[in-house]
Number of protein chains: 4
Amino acid sequence: MTTVFDNPGPDHAHVENSMLPEDSERLRRLYADLDRAHLMPLWTQLDDLMPMHPTPRSVPHIWKWSTLYPLAQSSGTLVPVGRGGERRAIGLANPGLGNKPYISPTLWCAIQYLGPGETAPEHRHSQNAFRFVIEGEGVWTVVNGDPVRMSRGDLLLTPGYCWHGHHNVTDRPMAWIDGLDIPFAQTNDTTFFEFGPDELTDYSTPESSRNERLWCHPGLRPLSGIHDTVASPIGAYRWEYTDRALTQQLLLEDEGHPGVVEPGHAAIRYINPTTGGDVMPTIRTEFHRLRPGTATQTRREVGSTVFQVFEGSGSIVIDGTEQQLDIGDLVVVPSWVSWSLQADTSFDLFRFSDAPIMERLHLDRTHLEGTTR
Amino acid sequence: MTTVFDNPGPDHAHVENSMLPEDSERLRRLYADLDRAHLMPLWTQLDDLMPMHPTPRSVPHIWKWSTLYPLAQSSGTLVPVGRGGERRAIGLANPGLGNKPYISPTLWCAIQYLGPGETAPEHRHSQNAFRFVIEGEGVWTVVNGDPVRMSRGDLLLTPGYCWHGHHNVTDRPMAWIDGLDIPFAQTNDTTFFEFGPDELTDYSTPESSRNERLWCHPGLRPLSGIHDTVASPIGAYRWEYTDRALTQQLLLEDEGHPGVVEPGHAAIRYINPTTGGDVMPTIRTEFHRLRPGTATQTRREVGSTVFQVFEGSGSIVIDGTEQQLDIGDLVVVPSWVSWSLQADTSFDLFRFSDAPIMERLHLDRTHLEGTTR
Amino acid sequence: MTTVFDNPGPDHAHVENSMLPEDSERLRRLYADLDRAHLMPLWTQLDDLMPMHPTPRSVPHIWKWSTLYPLAQSSGTLVPVGRGGERRAIGLANPGLGNKPYISPTLWCAIQYLGPGETAPEHRHSQNAFRFVIEGEGVWTVVNGDPVRMSRGDLLLTPGYCWHGHHNVTDRPMAWIDGLDIPFAQTNDTTFFEFGPDELTDYSTPESSRNERLWCHPGLRPLSGIHDTVASPIGAYRWEYTDRALTQQLLLEDEGHPGVVEPGHAAIRYINPTTGGDVMPTIRTEFHRLRPGTATQTRREVGSTVFQVFEGSGSIVIDGTEQQLDIGDLVVVPSWVSWSLQADTSFDLFRFSDAPIMERLHLDRTHLEGTTR
Amino acid sequence: MTTVFDNPGPDHAHVENSMLPEDSERLRRLYADLDRAHLMPLWTQLDDLMPMHPTPRSVPHIWKWSTLYPLAQSSGTLVPVGRGGERRAIGLANPGLGNKPYISPTLWCAIQYLGPGETAPEHRHSQNAFRFVIEGEGVWTVVNGDPVRMSRGDLLLTPGYCWHGHHNVTDRPMAWIDGLDIPFAQTNDTTFFEFGPDELTDYSTPESSRNERLWCHPGLRPLSGIHDTVASPIGAYRWEYTDRALTQQLLLEDEGHPGVVEPGHAAIRYINPTTGGDVMPTIRTEFHRLRPGTATQTRREVGSTVFQVFEGSGSIVIDGTEQQLDIGDLVVVPSWVSWSLQADTSFDLFRFSDAPIMERLHLDRTHLEGTTR
């Protein structure tokens, strides 16, 4: 695995550690004394603490929708949804991260399932959250009192500290994925949580939420919302717009004009319209569409990323190994692991990542195969 | 006229100037010596140089569309459009600014007229420009090679240094207003200009320009356009979206929800989607809609502002004097002059101003009647 | 004169204006009608309104200190200082700007003179102001109640809306230069002014002002001042620090290390420590030191700049013409006029300009001779 | 422990979990299936994953300098310093974080020890680092080729990707503390490391480093360094300036003027002079001085903080428990644990924290005892 440096020097494996003196009674006593005093030497741990490049404990992993959905269904049968447990959500646990429900060191991802007529009670928390809908319809999420329809292809936001609950108004169940920064909040001790009412504040089921009616007009901003907000005021990014934006990029490419991000690859980022930046301070969300037969340039990036296939089929090559992806499948790529997407058919993928954390702290870095930047 | 200060002290008129010694031969010689050396004393000029509050030379003024349009038509008959003169544009000259075609110290505003089949050749300049269409259709403006349809209610941008030309593809004339920062550029010596080809680079007449197809999807940003730009990449802000945004604000008000900027007053600002800020570094553009019978709160603001009535009728109260406004009428309000809009019917107005200059230099200030902030 | 463009096209002088139809009765009537309606055609004025590059009305000009100081002295004898006139300040009037006391379209510059024991009363205004001391001592300026010693080589700030007055505690007169953004404020109608008490709020004469004691510690910021401010909280930038910074840059150059801005040319910018940016929103202040025999690269810049010689002698080449400069001499360089400084002896110059206006509005542009950027 | 909310609702302990159905064969099979598929239910884990407020695994802990220094000395006798181990640094391991050398989830802190004549070889890494000197002198750290003297009370920076090595030019050992963001980099997989030459690039021992000579002039910025940098260009913040800044704040308080952060409490933040912000993107550094007999207001903050006593004696009250602190003692306060410093004598403390991470991601929050904000 190459490092980020143009002319990387030797790595730890090829540099002898000159700071490991011969074992002796006095040395053993020193190490015991250090241990008792809650101290640990750097020189015996440097390789682990400061590796040559990111060496994630998390591993690349694929969760098949064909496995996920039936398990969510079973939990729907066996486990009621309600106060205390709050959500019938099943977290994707990265096999490399021990017994933790973390898809990456920073991100939590779950399939959430709501049966016919069920309600998930209101609460709020410091963690930033989104939902992405791979199939189905019939649930409204109520965010700060504003009922938001959830439909296929929509991205729904509940940024930190927004009250929210969900209810299913149909006689069919619905499932979707949730994405939050729970691991980051937990590791860094930033989490706050508060219970709200058991009942939702508004059970109406409008086609458009109030935030959409106020904010979803391209290039326009309400004068009543002229102060920038930390997270996007848009609660629902509708599939209709995403699909149209991607379609237009590929049409522009057909006509010989700029628009796609690389040949055959259309992509949009969901943004906070008050700043043009990411929708929430810790989570980036994007949507990608590849033409049949195309592939993205192989790259590594600092930070973790997750893809969910929305439409079509193809594969992902992670660290040199190709794996098939079908609709609904979720795949996590840990930091600095190389990846490329390859499209069999027209291939649509939702993506989310911790990139805003990396960029705001100037830790971001990208390596494109065959180039260094 | 009240000043900005909560407890304003006396003004120049009520403070005796203790620095005006009795006339003497020696004093006259001093003043003559100063004059010869290109020097001027402050103490004899302080009232003019540093008044208690803005004392604009520009004056409030209304240009009636019923006067403007026929004069533009006449010029269409008498004056050909072409290279050298470049545009058949007639500037609105503020009566207070002497013999200058400036609507305010910072802004230029003109009615531009293009006859059937005519072409205005390509050029570019450092000045930021927009067009707003009060009536008609059939002209395409070609901005950096991208043909942009011009239709009623649309705001079209040509930010500084963009190549642009226009052509009328119909057998009817079309007129619209142009807004630029020509006076600001001229006064501060920032202007650059370059002639382009006499012929346009693209005579096609698409319904949507390429920039719209790439950028006009609410809350979405193309990954190929992820670097922020000084001016908006959107070349056309369509009436359809503006109208819908305003309609929704009033509906939300009907339903008892936030959205309008004050009771009965819907308003949007046109923005650069890469930053959420103003469309261009020197010019702010907005659209306002008032319900019949409502009025805006009376206010003063530092900086100049221009309104054009788009639909309906009403009046503006400037410095206490009410004046009737009809469709197409243009009115300029100089800095720190109080104003309020009053709607007879539903009342739609396009607005532009130099507010970004004031805000970026921390010179902005607003005084709402009955309050100080 | 070259333009900013790499391959500039023809200029107005070489492009025939095709929009000047033959004189006719109807045309004359149109023009008269336009005039009556406060309208002016663009096509007859384009050359003046939108020149190929900045064509300043202001001209390069030098004011000799040997002329300025005696005239200030005379005014000290003849004109009392006090309320109403406020300051015994004599403005440098650019010969190109008509009968206005403006050194440039944006900047006002004056020599101010305060006799033994005199007091200039307190006032405040929206205009940003600084003082730079070319010689003398013994005056304290009291800014928002904080007495600030004025000594040779010091830069003193009174940003917009700060209360300020001056008093001379010695039995000798003192003179210095004032710099303000009066023309910019006046042209753009942003000016506010308020009289304060006739007596100063504090007549003490400390060596260091309170703001210096709080803020002038390199790389440190008081926790009580952690919110950024629009203008610098530092009221006095002492010569001791400026001199030391320049000396070190030249020593670093002697030792073969980076530090100077070009060979033989040391320079610092005075900054707002809360942001690292310019001291005030509209005015940039710098200090330059050239080694004997060196010259700065010839350049043009958008915006106006003023130099005052502080020590040594040399010349400035403006638009190809060399002119001698001695201690205290002031020279203004209008926008886009080429200039280069040349040092006979070690040559120290204070500089101020309107660069923050240009940069914040994205109007800045620099052309280095032999290069385009 | 109160939460951040004004009227916090019940916490997990007082809310029954309605999502824990009776144990059954089918339920056990579901949970086993989830486990096999690398899935974990939220409803059984909510209390741990999303607690009501931060519940840090790290604990408050004090390391006595009287323990640390002798252990560092012993390691100096027993363990050579050199390539491979790189540094004779002993990390302070928070007892709550298991067997990890992390003082907090985000920060690493160590005592580093360099014997007479020893050299620590050059390397660089993505982690941001500083050193703070509690006693001694005689070591130079060479940062990107610039030798920087290390003396008592100095803060020295080696931001991410800067090459650095150290050497002791005296015949006495020297010890200091290192602070880095190793845990944050490790947890989030952002670490890069590169070995440099075994020998230092410059063995000279100047009193002042080149970066100090260029940058340490209050309120001034070299024109050659006008582009902002991610981390501070100042490599050494000298005790002389810190001490003077704190002394002046207390003198201003004596005189009845603003300056201290609260009564009897002087404090400065070390800043990046190009932005006025923190010295590095992930680490905040400050210095605090309390008058004898004073105490700081009790507060909780999101994020971890570390204090080291530099001079004097006093105590810290953490979560209601008071503990004595003497010179050199280090104490860590985990996120959202209440703390107050109390001074017996005049009490000087160096402080560092992960506050820039919290602020840049909008996760920061402070609760002052008796108030909510």
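User: What is a polar contact, and how many residue pairs make one between chain C and chain B?

Analyst: A polar contact is a pair of N or O atoms within 3.5 Å; within protein, one must be able to donate a hydrogen and the other to accept it. This is a predicted model. Between chain C and chain B, 23 residue pairs are in polar contact, both partners being at pLDDT 80 or more.

User: Which classes of residue make up the side of chain C that touches chain B?

Analyst: Count them by class. That side of chain C has 56 nonpolar, 31 polar and 16 charged residues. Helix α3 (residues 65-78) of chain C gives the most to this side, with seven residues.

User: How do I read the extent of the contact? What area do chain C and chain B bury between them?

Analyst: Look at residues, then at area. Chain C puts 103 residues into the contact, and chain B puts in 103 residues. Together they bury about 8700 Å², with 71% of it on carbon and sulfur atoms. On chain C, M40(C), D189(C) and F192(C) supply 8% of the area buried against chain B, more than any other three residues.

User: Which strands join across chain B and chain C?

Analyst: Find strand β3 (residues 89-92) of chain B and strand β1 (residues 39-41) of chain C. Three bridges join them, and they run antiparallel. Within this pairing, G91(B) stands opposite M40(C). M40(C) is also one of the three residues named for buried area.

User: What about chain D and chain A? How are these two copies related?

Analyst: Chain D is laid on chain A by a turn of 180° and a shift of 0.0 Å along the axis, with an RMSD of 0.0 Å. The two copies are thus related as by a two-fold rotation axis. R360(D) comes closest to that axis among the residues of chain D, at 3.2 Å (C-alpha). Because 100% of the interface residues of chain D are also interface residues in chain A, the copies meet through the same surface.

User: Which chains have no contact with each other?

Analyst: No contact joins chain A and chain C, whose closest C-alpha atoms lie 18 Å apart. Chain B and chain D also have no contact, and their closest C-alpha atoms lie 18 Å apart.

Note on methods
Residues are numbered from 1 along each chain as its sequence is written. Chains are lettered from A and ligands numbered from 1 in the order in which they are written. This is a predicted model: local features need pLDDT of at least 70, side-chain atom pairs count only at pLDDT 80 or more; totals for chains, interfaces and linings use all residues. Side-chain values use heavy atoms; hydrogens and water are left out. Copies are superposed by least squares on the C-alpha atoms of residues with pLDDT of at least 70 in both. Contact means heavy atoms within 4.5 Å. Buried area is the accessible area (1.4 Å probe) that two parts lose on being put together, summed over both. A polar contact is a pair of N or O atoms within 3.5 Å; within protein, one must be able to donate a hydrogen and the other to accept it, and residues adjacent in sequence count only if both atoms are side-chain atoms. Helices (H or I, at least four residues) and strands (E, at least two) are DSSP runs, numbered from the N terminus. Ala, Val, Leu, Ile, Met, Phe, Trp, Tyr, Cys and Pro count as nonpolar, Asp, Glu, Lys and Arg as charged, and the others, Gly among them, as polar. Two strands pair if DSSP finds at least two bridges between them.
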